[in-house]
Amino acid sequence: MCGRFQLTVSPEEIAEHFQLSRLPKYQPSYNITPARKILCVVELEDKSLKAVNLFWGLVPSWSKDTKNSHHLINARAETIREKPSFRAAFQKRRCLIVAQSFYEWQKLDSGKQAFRIHRQDHQLFAFAGVWEQWQHEVETLYSCTIITTAANELMQPIHERMPVIMPEGCYHDWLNITSNTDDAYDLLENSAYANMVTTPVGDWVNNPRHDDIRCIEPTVK
């Protein structure tokens with residue numbers, strides 16, 4: 001799964017990476033948690049990209065309320081085309097979720113070891129995601145979820161699941177809702193992990209209330 005990540009770069013860096021015409025407005029964080037607004041990129045009708053802030057924890061449009069959003073922070077790639085909660089969003093509302101690194105915890109006999117997973121060059125990347133619009137009377141909520149898949153060789157020692165990272169060259173293909181959904185599904189094969197590394201970090205990040213540079217400080221295994 002993917003339940004925590006980091007994004008602390010400048011708006012200018014994000015705009016350059018995603019070729020945005022406007023600087024994004026967002027709250028930098030070393031310890032982003034579910035049930036908060038996170039920075040996503042969507043494609044407009046003119047094919048330009050726009051940064052938006054979406055609630056992390058997808059609420060299907062047909063849901064009676066928003067109470068179960070915490071159960072839908074991730075969507076399994078293996079079933080995303082069939083699950084009622086995600087099926088329509090995968091077909092029509094795909095997004096990129098902006099990140100700088102994410103965290104995962106390895107289970108040990110002595111407890112859990114936190115790892116920070118990031119690019120070798122420490123540059124930005126994007127999770128594959130889908131978004132949804134929920135509306136009830138006067139209330140409207142725009143929410144999203146991160147797509148996950150089975151862990152590869154890099155991630156298997158840490159966790160059995162991992163978020164899908166979209167290769168930079170595939171951003172427009174992923175966001176293009178007019179493309180064949182089978183072609184979009186083929187983009188979830190995770191070649192972007194070739195540039196990723198895992199770094200053990202200290203226990204500071206374990207507490208979701210902690211949000212400073214100590215969350216990413218490396219430690220000895």
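In the predicted model, the largest nonpolar core holds 62 residues, and those touching the most other members are F5, I14, F102, F127 and W174. In soluble globular proteins, nonpolar side chains tend to be buried together.

At the level of the whole chain, the secondary structure amounts to four helices and 12 strands. The chain is as compact as a globular protein of its length, because its radius of gyration of 17 Å is close to the 17 Å given by the globule rule for 221 residues. The C-alpha trace extends over about 50 × 35 × 30 Å along the principal axes. Among contacts in the chain with a separation of 6 or more, 66% are between residues 24 or more positions apart. Buried residues make up 50% of the 221 in the chain.

The accessible surface of the chain is about 11,400 Å², and carbon and sulfur atoms contribute 48% of this area. Charged side chains number 24 positive and 27 negative, with 6 Å between the centres of the two sets.

Two loop residues were considered individually. T33 is located in the loop that joins strand 2 (29-32) to strand 3 (37-43). The relative accessibility of T33 is 18%, so this residue counts as buried, the cut-off being under 20%. Residues up to four places away in sequence not being counted, T33 touches G3 and R4 as well as W56 and P208.

I177 occupies the loop between helix 3 (171-175) and helix 4 (181-186). With a relative accessible area of 45%, I177 is partly exposed. Apart from neighbours within four places in sequence, the contacts of I177 are with Q91, K92, R93 and R94. The C-alpha atoms of I177 and F90 are 8.9 Å apart in space, while 87 residues separate the two in sequence.

Technical notes
Residues are numbered from 1 along each chain as its sequence is written. This is a predicted model: local features need pLDDT of at least 70, side-chain atom pairs count only at pLDDT 80 or more; totals for chains, interfaces and linings use all residues. Side-chain values use heavy atoms; hydrogens and water are left out. Buried means under 20% relative accessible area, exposed over 50%, partly exposed in between (1.4 Å probe, protein chains only). Contact means heavy atoms within 4.5 Å. The radius of gyration is taken over C-alpha atoms; the globule rule is 2.2 Å times the number of residues to the power 0.38. Accessible areas come from the Shrake-Rupley method with a 1.4 Å probe; for residues, only the protein chains shown count as cover. Lys and Arg count as positive and Asp and Glu as negative; His and the chain ends are not counted. The place of a charge is taken as NZ of Lys, CZ of Arg, CG of Asp or CD of Glu. A nonpolar core is a set of buried Ala, Val, Leu, Ile, Met, Phe, Trp, Tyr and Cys residues joined through side-chain atoms within 4.5 Å.
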